[in-house]
Amino acid sequence: MSDEDHSHEDDNFSQSVDKFEKTEIVVHKKLVKSEVNALGKKGLRVSNDAYDSTSGARGGGDHLNPPLVAPATLLLNDESRNQHRQWTMSLVETNEGMYLKNGWYFFAYDHGLKVGDTVTIERTLVMQNSEVLDTIYDITFKLAEESSSGSN
């Protein structure tokens with residue numbers, strides 16, 4: 001085999017191992033009444049062009065690369081309660097912004113989420129070269145009462 005053949009094999013090998021993960025915060029915010037009250041029917045607001053003072057960052061969705069696109073169905077991993085569970089939620093866009101609906105209220109109810117609790121959704125892109133091979137969403141939360149000292 002010539003040196004040229006080895007060089008070409010090395011190129012193929014490096015292309016096959018260029019897989020990496022990129023994690024981005026989709027949303028990190030304190031919940032408001034309309035996001036925990038199923039009667040509000042809006043869901044969890046994901047996109048917000050305004051500055052989010054609770055996280056110190058711009059609101060969700062539009063700052064991601066690639067950006068979120070609605071409508072879509074997202075499968076979110078939940079590792080709370082020492083168990084793994086996946087939640088299916090619909091991502092929709094309205095005149096008021098982008099929201100997670102349907103499965104969101106079941107998640108919020110199941111975890112007893114209330115106004116002031118903080119929710120974080122992270123997106124991990126599994127990539128090879130510049131191609132997205134897989135997208136993984138993780139959802140975590142912190143109850144407001146957990147962060148206040150001396151409660152009860």
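Trainee: Is tryptophan 87 buried or exposed?

Mentor: Tryptophan 87 counts as buried, at 6% relative accessibility. Buried means under 20% relative accessible area, exposed means over 50%, and partly exposed lies in between, with a 1.4 Å probe and protein chains only. Please note that this is a predicted model, in which local features need pLDDT of at least 70 and side-chain atom pairs count only at pLDDT 80 or more, whereas totals for chains, interfaces and linings use all residues. Residues are numbered from 1 along each chain as its sequence is written, and side-chain values use heavy atoms, with hydrogens and water left out.

Trainee: How many aromatic pairs are there?

Mentor: The structure holds three. Rings of Phe, Tyr and Trp (its six-membered ring) pair if their centres lie within 6.5 Å; planes under 30 degrees apart count as stacked, over 60 as edge-to-face and the rest as tilted. One of the pairs joins tryptophan 87 and phenylalanine 107: the ring centres are 5.3 Å apart and the planes stand at 90 degrees, so this pair is edge-to-face.

Trainee: Where do the two partners sit in the chain?

Mentor: Tryptophan 87 is in strand β6 (residues 85-94) and phenylalanine 107 in helix α3 (residues 103-110), so the pair links distant parts of the chain, 20 residues apart. Helices (H or I, at least four residues) and strands (E, at least two) are DSSP runs, numbered from the N terminus. Phenylalanine 107 is buried as well, with a relative accessible area of 0%.

Trainee: Which residues form the aromatic cluster?

Mentor: Trp87, Trp104, Phe107 and Phe141 form one cluster.

Trainee: Changing topic, in what order do the strands of the open sheet run?

Mentor: Seven strands form the open sheet in the order β1-β8-β9-β5-β6-β7-β2, with mixed pairing. β1 (19-30) and β2 (44-45) stand at the edges with a single partner strand each, so one side of each has no neighbour in the sheet. Two strands pair if DSSP finds at least two bridges between them.

Trainee: How many bridges join β8 to β9?

Mentor: Eleven bridges join β8 to strand β9 (residues 131-142), and the two run antiparallel. Threonine 120 stands opposite threonine 140 in β9.

Trainee: What polar contact does the side chain of threonine 124 make?

Mentor: Threonine 124, in strand β8 (residues 118-128), makes a side-chain polar contact with the side chain of threonine 23 (3.1 Å). A polar contact is a pair of N or O atoms within 3.5 Å; within protein, one must be able to donate a hydrogen and the other to accept it, and residues adjacent in sequence count only if both atoms are side-chain atoms. Threonine 124 is buried at 7% relative accessibility.

Trainee: How many helices and strands does the protein chain have?

Mentor: The protein chain has four helices and nine strands. Buried residues make up 33% of its 152 residues.
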